[in-house]
Amino acid sequence: HKGPNGGQMEDVAGVHLELLTSGQTVTLNVFDEANKAVATTGFTASALISAGSERETLNLAPSGTNSLSGQTKKPINAGATISVTLRTATGKTGQARFKK
């Protein structure tokens, strides 16, 4: 389903992740079960972006109040698969797969 900012939403490690991409920027917004913003202090995440035979791994760092973000080397093409691994501040881990 769509998130508060229009991105794709997935449940991961007890939180909701909203994926947004723009050019070379990948942003994950983090929300609780009631869709309230969750502070990302202490969170870590990485994203594997796959488009055809091209692959890029990207570390996402806390950015703003409830976001994790990072920059890719090239713009992300339509049809790319973005696999996210998340670790919360409490140590819960999970993975989600998004399609651009």
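Modeller: I start at Glu 10, which stands opposite Leu 17 in strand 2. This is a predicted model, and the pair belongs to the antiparallel contact of strand 1 with strand 2 (residues 15–22), joined by five bridges. The sheet around them is open, has eight strands in the order 1-2-3-6-5-4-7-8, and pairs them antiparallel. Its edge strands are strand 1 (8–12) and strand 8, each of which pairs on one side only. From one strand to the next, the twist averages 25°.

Thr 81 has Lys 99 of strand 8 as its bridge partner. The hairpin formed by strand 7 and strand 8 has five residues between the strands, and there Gly 91 takes a positive phi near 95°. In a regular strand, side chains alternate between the two faces of the sheet. Strand 8 (residues 93–99) has Gly 94, Ala 96 and Phe 98 on a covered face, while Thr 93, Gln 95, Arg 97 and Lys 99 make up the uncovered one.

The sheet also contributes to the largest pocket: strand 4 (44–51) and strand 5 (54–63) each supply at least two residues of its lining. The volume of this pocket is about 210 Å³. Of the 13 residues that line the pocket, Ile 49, Glu 54, Glu 56, Lys 74 and Pro 75 lie nearest its centre. By type, the lining divides into five nonpolar, three polar and five charged residues.

Methods. Residues numbered from 1 in each chain as written. Predicted model: local features only at pLDDT ≥ 70, side-chain atom pairs only at ≥ 80, totals over all residues. Heavy atoms only, no water. Buried < 20%, exposed > 50% of the residue type's maximum accessible area, 1.4 Å probe, protein only. Helix = DSSP H or I, 4+ residues; strand = E, 2+ residues; numbered from the N terminus. Pairing = 2+ DSSP bridges. 1 Å grid on protein atoms, 1.4 Å probe; cavity = no way out; pocket = protein on both sides within 12 Å on 5 of 7 lines; lining within 4 Å. Points joined across faces, edges and corners; volume = space filled by probe spheres on them. Nonpolar A, V, L, I, M, F, W, Y, C, P; charged D, E, K, R; others polar. Axes fitted to C-alpha atoms, helices over the stretch in contact; angles between N-to-C directions.
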